[in-house]
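Dear colleague,

I am passing on the structure that we spoke about, and below it you will find my notes on what came out of it. Please read them with the structure open beside you.

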Amino acid sequence: MNDQALMEKSREPFLIQRIRAGERSHFHELIRPYERRAFLIAYSVLRNQADAEDAVQQAMLKIFLHLEQLAEADKFAQWAMRVVENEAKMYKRKRHQHLYQSVDEEQEKEGQTKHFRPKQFADWRDLPNEILEQQEVRAAIIESLASLPEIYREIFVLRDMEHLNIAETAEVLGISVPMVKTRLHRARLMMREALSPIFAKPKVSIWERWKGVNPWFAAKR
Amino acid sequence: MVRCKTIIAHLSEYVDGEATPEMCHMIEKHLRGCHRCTAVYDSTRKMLVITGDERVFEIPSGYSARLHRFLDKAILEGSAS
Ligand SMILES: [Zn+2]
């Protein structure tokens, strides 16, 4: 956590106290550091920007209305992000009632992916920092993320995109620490598998390699 | 030699620096002699560097402004009742 984030965090109990005392305008400041994370969480569940935005708005309103229920003011982040997560899931249920997957189905899916093993072993090229300036690269990453089952997608977003630690991730998702670890591991393997075709070093044929090291061939060019 | 399956199963912990010293030792020893596991380890690390970058995901423009406008309206209406 950088200094600014730390400072913002230490101000939270104070802000919460002021809001509870009726100074509602402080709510804007309270949630500002979490806007991006909230959007990503909602998006990881809903996979649609407009829906994610709607869900975040509703969730933030709930957070404001139920701020009284937050027992430990220093747990605001985890609590609030849990509210966002639940709101997004509720939104999804309402929106796609016919497509709604029961908990059983989700668990079955988890069973199927339990023995996920890497199949791609090609070396990756070096990925310079500027690579993210390419729209296709960003799109490919988001697309790969979207292809993951929800339980893995949400873990990956919290842990490997938003940099929450394992314990915080467990609190936001309402699951145990060992469960986070297992799912995170699979999520990473699946993401790596999905991204491998894009980031793998291009295969060089034996002929090409020979040409590269053959001094006679190199001199002729 | 330890089986690749065992190494892969602990790779995530290892990447996060949460593997025990014995596990680290075992993994490092294996990686020196196994190209496949090295490829998985190496690509996982490369992946995490880029996916952990804020630029991967662009928040829609105006999102924050719309959120705060919505809250202002909703909260003010709430206080009127
Ligand atoms: Zn191996």
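Four donors count as tetrahedral if all angles lie between 85 and 135 degrees. Please keep in mind throughout that this is a predicted model. Around the zinc ion, the four donor atoms subtend angles of 103 to 114°, so the arrangement is tetrahedral by that rule. The donors are the SG atoms of B:C4, B:C34 and B:C37 together with NE2 of B:H30, and they sit at 2.0 to 2.4 Å from the zinc ion. Along the chain these donors follow the spacing C-x25-H-x3-C-x2-C, and two of the residues, B:H30 and B:C34, are buried.

Eight salt bridges are counted between the chains, including one in which the side chains of B:K46 and A:D126 meet at 3.3 Å, N to O.

Finally, a residue to look at on the other chain is B:H68, which lies in helix α5 (residues 63–80) of chain B. Because its relative accessibility is 7%, B:H68 counts as buried. Its side chain is joined to that of A:E35 by a polar contact of 2.4 Å, and B:H68 is also in contact with A:H28, A:I31 and A:R32.

Methods:
Residues numbered from 1 in each chain as written. Chains lettered and ligands numbered in written order. Predicted model: local features only at pLDDT ≥ 70, side-chain atom pairs only at ≥ 80, totals over all residues. Heavy atoms only, no water. Donors = N, O, S within 2.8 Å, 3.2 Å for Na, K, Ca; no water. Tetrahedral: all angles 85-135°; square planar, octahedral: opposite > 155°, others 65-115°. Buried < 20%, exposed > 50% of the residue type's maximum accessible area, 1.4 Å probe, protein only. Helix = DSSP H or I, 4+ residues; strand = E, 2+ residues; numbered from the N terminus. Polar contact = N/O pair within 3.5 Å; in protein donor to acceptor, adjacent residues only side chain to side chain. Contact = heavy atoms within 4.5 Å. Salt bridge = Lys/Arg side-chain N within 4 Å of Asp/Glu carboxyl O. Lists of a residue's contacts leave out its neighbours within four places in sequence.
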